[in-house]
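Please look over the sequence and the structure shown here before reading on.

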Protein chains: 2
Amino acid sequence: MSLFNVGFVIFPQLTQLDFTGPLQVLARLPASATHIVAKSEVPVPSDCGLGLVPTHTFATCPPLDLICVPGGNGVVGAIGDRETIEFVRRQAATAKYVTSVCTGAFVLGAAGLLNGRRATTHWAYAELLPLVGATHEKARIVKDGNVITAGGVTSGIDFGLAVVAEIAGETVAQAIQLGIEYDPAPPFDCGHPDRAPEAIKAMLAARYESARTGVRAAISRSPTL
Amino acid sequence: MSLFNVGFVIFPQLTQLDFTGPLQVLARLPASATHIVAKSEVPVPSDCGLGLVPTHTFATCPPLDLICVPGGNGVVGAIGDRETIEFVRRQAATAKYVTSVCTGAFVLGAAGLLNGRRATTHWAYAELLPLVGATHEKARIVKDGNVITAGGVTSGIDFGLAVVAEIAGETVAQAIQLGIEYDPAPPFDCGHPDRAPEAIKAMLAARYESARTGVRAAISRSPTL
């Protein structure tokens with residue numbers, strides 16, 4: 001039996017937990033192989049000062065059954081990089097599942113994969129989804145056909161479990177959830193802007209306004225859109 | 001002003017999310033520097049096929065204000081490695097906070113740091129805590145003096161936010177929680193054995209029995225205990 005090939009696309013300045021959260025879950029998908037794919041074999045610097053070593057380059061990566069693109073500030077570079085976008089588009093054409101976490105949605109978008117789709121992304125970037133032809137659905141995980149998008153950063157863990165449940169069944173997903181003791185107890189009820197105090201949102205407003213401007217500009221000058 | 005030095009100790013076959021979850025949170029602690037510390041500069045293979053690049057070796061790591069040891073199957077090797085245990089013990093002697101996630105608790109334990117302490121670890125290994133002189137407290141995060149231990153894998157995210165709240169205040173922790181959209185929506189209510197179906201626990205029983213045997217043996221032959 002051939003293995004189910006899961007591939008994560010990584011690029012400089014990704015938000016590492018967008019990737020490492022679902023990686024921890026999907027690496028336990030039975031009868032699967034996990035591929036960590038980058039432009040070259042050189043370790044990829046993440047947002048946290050942690051370098052991540054790819055297992056494959058775009059050239060050596062086998063055809064993927066599931067492609068997952070994480071997000072982070074590095075999506076500005078990824079959107080503008082023809083080689084990255086063409087790899088995503090090429091793999092997505094034959095993948096069973098085309099997925100993203102956080103602002104990885106805009107990399108899918110730059111590859112033309114969200115056109116006419118319902119999708120989600122990090123809450124601070126949701127208003128930009130129409131720029132890549134998508135309609136924002138306010139949810140932590142959105143499935144439209146074979147495209148599954150997840151919200152910001154930690155939503156990648158919920159996403160990973162949902163994907164395992166879809167591919168391998170609920171029992172397998174439940175066993176993985178128990179294994180990673182995913183019984184979250186956030187110290188505050190402020191993980192979504194609908195529930196966060198105004199003062200907390202105000203602390204982040206300028207940073208995200210600036211970050212949105214960067215993503216908007218990258219989309220507008222995208223060589224592939 | 002000197003920076004608050006946060007250090008994660010990584011070793012082969014760690015469970016990468018034990019480390020990358022709290023890393024994502026603690027890397028945003030204001031006025032801090034994050035150090036990813038291993039025995040050598042060589043990338044460290046994690047449980048998911050992902051290689052992690054250290055920023056420091058035991059020799060080059062500065063004195064840490066907070067040391068965090070993640071877990072995973074690799075703790076068997078770490079417990080048996082005098083150089084690793086001595087690094088942890090030496091840093092812990094002057095650190096403000098001595099912490100672990102998941103079975104990283106047993107690395108602290110092998111360094112003699114849990115003797116007489118209340119502590120927690122991954123649910124499947126809780127019964128082994130007395131072997132390192134600790135009393136298990138059934139909680140996702142346990143603080144006893146300057147020692148903070150967290151439960152299995154994903155509890156490291158809750159732990160990271162709790163630590164930020166303690167060091168930098170609740171407002172800062174809340175802003176980080178909103179930034180990483182930590183508004184978890186686990187697909188199943190089975191992330192803790194108290195709530196998981198018996199059939200799911202049975203699926204994991206043999207694997208954890210074998211893993212416990214390995215950790216028990218490593219503790220019993222520990223050169224430092």
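The model is a predicted one. In it, chain A and chain B bury about 5,200 Å² between them, and a strand from each chain joins in an antiparallel pairing of three bridges. Over all chains, the count of salt bridges comes to 30.

**Overall form of chain A**

- The secondary structure of chain A consists of seven helices and 11 strands.

**The seven-stranded sheet of chain A**

- Seven strands of chain A form an open sheet with mixed pairing, in the order β5-β2-β1-β6-β7-β11-β10.
- The edges of this sheet are β5 (56-57) and β10 (141-144) of chain A, each of which has a single partner strand, so one side of each is left without a neighbour in the sheet.

- A four-stranded open sheet draws on both chains, with antiparallel pairing and the order β3(A)-β4(A)-β4(B)-β3(B).
- Its edges are β3 (44-45) of chain A and β3 (44-45) of chain B, and because each has a single partner strand, one side of each is left without a neighbour in the sheet.
- Within chain A, β3(A) and β4(A) run antiparallel and are joined by two bridges, with Pro45(A) standing opposite Gly51(A) in β4(A).
- Between the chains, β4(A), residues 51-53, pairs with β4(B) in the antiparallel sense over three bridges, and there Val53(A) has Gly51(B) as its bridge partner.

**The contact between chain A and chain B**

- The contact takes 62 residues from chain A and 62 residues from chain B, and of the roughly 5,200 Å² that the two chains bury, 64% is on carbon and sulfur atoms.
- Leu178(B), Glu181(B) and Phe188(B) supply 15% of the area that chain B buries against chain A, which is more than any other three residues supply.
- Between the two chains there are 35 residue pairs in polar contact, counting those with both residues at pLDDT 80 or more.
- On the side of chain B that touches chain A, the elements giving two or more residues are α1 (16-26), β4 (51-53), α5 (155-168), α6 (170-179) and α7 (198-220) of chain B, and α6(B) gives the most, with eight residues.
- Sorted by class, that side of chain B has 33 nonpolar, 19 polar and 10 charged residues.

**Salt bridges**

- Side chains of opposite charge can pair when their charged atoms come close.
- Two salt bridges are found across the interface of chain B and chain A; Asp183(A) forms a salt bridge with Arg195(B), in which the closest N and O atoms are 2.4 Å apart.
- Within chain A, the side chains of Glu127(A) and Arg216(A) meet in a salt bridge, at 3.7 Å from N to O.
- Glu127(A) lies in the loop between β8 (118-119) and β9 (135-136) of chain A, while Arg216(A) lies in helix α7 (198-220) of chain A, so this pair ties together parts that are 89 residues apart in sequence.

Definitions and conventions
Residues numbered from 1 in each chain as written. Chains lettered and ligands numbered in written order. Predicted model: local features only at pLDDT ≥ 70, side-chain atom pairs only at ≥ 80, totals over all residues. Heavy atoms only, no water. Contact = heavy atoms within 4.5 Å. Buried area = accessible area lost by both parts, 1.4 Å probe. Salt bridge = Lys/Arg side-chain N within 4 Å of Asp/Glu carboxyl O. Polar contact = N/O pair within 3.5 Å; in protein donor to acceptor, adjacent residues only side chain to side chain. Nonpolar A, V, L, I, M, F, W, Y, C, P; charged D, E, K, R; others polar. Pairing = 2+ DSSP bridges.
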